[in-house]
Amino acid sequence: MTWILNNLPLLWQRLLEHLTLAAPAIVLSLLLAIPLGWIAYRYRLSRWLLVTLTGLLYAIPSLPLFVVLPLILGTGIRDSINVVAALTLYGLALMVRSVSDALAAVPAVVVDAAQAQGFGAWRRFWQVELPLAIPALTAGLRVVTVSTVSLVTVSGVLGLPSLGLLFTDGFQRGIPEEILAGMVLTVVLALVLDALVALLGRALTPWRRAVKA
Amino acid sequence: MNYFSEAWTWLTDPLTWTGADALAARLTEHLLYTLLVIVVSALIAIPLGWWVGHTGRGRNAVVVLSGAARAIPSLGLVTLLALWMGLGLPAPIITLVVLAIPPLLAGAYSGIDAVPREVTDAARAQGMSEWQILMKVEVPLSLGLLMGGVRSAALQVVSTVMLAAYVGAGGLGRPLFLGLKTQDYAMMLGASILTVGLALVLDVVLSGIQRIVRPRGTAAL
Amino acid sequence: MRGAGPCREAFSRRAALGHVTRLVNLWVGVTGALYGGPVIDFQHVSKEYPDGTKAVNNVELHLEKGACTVLVGSSGCGKTTLLRMINRMVDPTKGQVLVNGQDVATADPVKLRRDVGYVMQGSGLLPHRTVLQNIQTVPLLRGEPKDEALRRAKLQMKNVGLDASMGHRYPAQLSGGQQQRVGVARALAADPDILLMDEPFGAVDPLVRAELQAELARLQAELKKTIVFVTHDMDEALALGDRIVVLRAGGEIVQDATPAELVANPANDFVRTFLGMADGRRTLEVRSTPEGQVVTDRFGRPLGVVGQQEKPMEPGLPA
């Protein structure tokens, strides 16, 4: 407990570093998943291809990916871009599927009605299909958020600054409090971001709350 | 591209596989750890998941648990346990079991939960005992989803076994961390590529099994 | 062969037990027939759920052997609950249900259910088993030898009008009507004396439903099972019942009569409305037209003709 109290600034710094790795990956995977998911939903062949490819992506172990990516991206082994890129790929693996499934689950009647009222394809996507897919998207993004925050810590073994560094440092110096503090902060950060995503999803879908009330 | 060829040279060098720190032994360790963890966690999680699915008791607990477990950082758990229990196998094995239980539990539970109520009701009305309903109806119909759980658990475990080497156990993490320490990037890369290949092969094999165990006549489940 | 000893012993003991049960059943059947007493007896039966809803309220009902009794009423009238009390899928909160004189509360539910045929809406077939495997379910559960179970299954397929080539299909590969036929075959496979049918034809289209009803009537004329049939369709009740019990919401019996009595003397407006008599659909008249004697309803809509065709089959009644 004394270790924690004496090192509050360090903990805060690690938390911010952690956030700068996790947040971009989460946001990027959502932004990239929307067009990719739409393509997957729209064209059957691309669906098969994208779902298979992203499925395989998901199977790739994280630590080896952190090691291989620098070669592909031309970055150094301790560059934080590797971690963001790897975590974005994992996020994509889940989100592309979520987006295409969510779009496919929009009732055909609704899409049909929108079309009959003169919505063009572009407008229909942004104003009808995507809003109706928000609940499923939120569910997918929540899973991505929690696992991304947790996965960032693995980069600690390569020496990248994040809450993961508290684990390696605490292990090497034999300070269990440091590890414990890191774990608690990781879980809390994951849960807070998860709650934020959930709240955002709720805020964007007022029609669902109206039904439940 | 230079690094890739170096890594390839390292990977294909007979000495790598047979020398003092033989890669063959590391690969075997990696697979054995994975198998051990999956078996142990399956023995705990599958009966529990079936029980929850069949009786409907503790349903919320399972849903919350399998969601929350994703947030636990395995590196934190393994280092903490290693400080407490000492270097070696126990800490990583416990960590990996903790990691593997939620997806297995979710697979076992959700498989049973997805069996239509009218099917189990009909089975009961024909005079099947609760045990027979579980074993002859619910379990066969749930194998597809159960294998889905096994698959995602196995992939997570294969990936995370890498960390075992960080706390003094074996596996393919050994050459990776050795390479990291000695600035031998070819070795790190070679070990990484081998692990990625292993995971992909495992994924393909398990998805094949998943397709086979799904009972015929049930495309939907 | 050491391992086979206790197993065989258990088997022969079960067989002996089977003989005894069969003898008892036979005896009960014979005395029942001589005595003419009811086979299924509801004695002041009520079912109240923990939240206070009454599904069944103090029902007193005696069902005779070999007859088809139809429980009819709109949804929520407790007809399915009553039916499911017979094989202990539901236990009453008050009162007793006797089958062949025995209180079902004292029977092992699993064994009881194997002795009572059950057909449900939406067939309830096991999706991972073929038609033949589904039909063999109960005989195999009862421990009959495999070849005997298979023989019975094949016989029942023929009985319910299913082509033998369907035997190796999965339920998902059958039409709704075919699935229901398999459901009936499965219920009959162990040759139970009692057959419970819970809206078995509720989910199929009207044409197929009529066909299935006719098929059931034909089977019943031959097999003389004690059938309890639940439906919300009065036409179906009139077509199949030897006796019709009309229930209303809250699980109370409104009228208990033969089809003819029910149509001739509806007990009250509820029954009249249920029969469709309130709006004149069943107030029939005979009109002479150049084409012959035509039966019409009160609005003059033609419904049929008199006496030119052979007598329609009267389901369930002794020939």
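These are my notebook entries on three chains and how they touch.

**Ground rules.** I'm working with a predicted model, where local features need pLDDT of at least 70, side-chain atom pairs count only at pLDDT 80 or more, and totals for chains, interfaces and linings use all residues. Residues are numbered from 1 along each chain as its sequence is written, chains are lettered from A and ligands numbered from 1 in the order in which they are written, and side-chain values use heavy atoms, with hydrogens and water left out.

**Entry 1: who touches whom.** I started with contacts, meaning heavy atoms within 4.5 Å. I found 2 pairs of chains that touch, and chains A and B have the most contacts between them. Chain A and chain C share no contact, and their closest C-alpha atoms lie 22 Å apart.

**Entry 2: chain C by itself.** I looked up its helices and strands, which are DSSP runs numbered from the N terminus (helices H or I, at least four residues; strands E, at least two). Chain C has 10 helices and 13 strands. Next came burial: buried means under 20% relative accessible area, exposed over 50%, and partly exposed in between (1.4 Å probe, protein chains only). Chain C has 319 residues, and 48% of them count as buried. I also noted that, among its contacts between residues at least 6 apart in sequence, 61% join residues at least 24 apart.

**Entry 3: where C meets B.** Chain C brings 22 residues to this contact and chain B brings 20. For buried area I used the accessible area (1.4 Å probe) that two parts lose on being put together, summed over both. Here that comes to about 1800 Å², with 60% from carbon and sulfur atoms. On the chain C side, Pro127(C), His128(C) and Tyr170(C) lose the most area to chain B, together 28% of what that side buries.

Then I checked for salt bridges (a side-chain nitrogen of Lys or Arg within 4 Å of a carboxyl oxygen of Asp or Glu). The rule finds 1 across this interface. I located a salt bridge between the side chains of Arg84(C) and Asp121(B), at 2.7 Å, N to O. Elements of chain C that each supply at least two residues to the side touching chain B are α3 (109-115), β6 (116-120) and α4 (131-141). I sorted that side by class and got 11 nonpolar, 6 polar and 5 charged residues. (Ala, Val, Leu, Ile, Met, Phe, Trp, Tyr, Cys and Pro count as nonpolar, Asp, Glu, Lys and Arg as charged, and the others, Gly among them, as polar.)

**Entry 4: where B meets A.** In this pair, 34 residues of chain B are in contact with 37 of chain A. Together the two chains bury about 3000 Å², and 82% of that is on carbon and sulfur atoms. Arg70(B), Leu83(B) and Tyr166(B) supply 19% of the area chain B buries against chain A, more than any other three residues. I counted 0 salt bridges between chain B and chain A. Helices of chain B that each give at least two residues to this side include α1 (2-12), α5 (74-85) and α10 (185-213). α10(B) gives the most, with 10 residues. By class, this side of chain B has 26 nonpolar, 6 polar and 2 charged residues.

**Entry 5: one residue in A.** Last, I picked Thr205(A), in the loop between α9 (176-203) and α10 (206-212) of chain A. Is Thr205(A) buried or exposed? Thr205(A) counts as buried because its relative accessibility is 5%. Leaving out residues up to four places away in sequence, Thr205(A) touches Pro131(A), Ile134(A) and Pro135(A).
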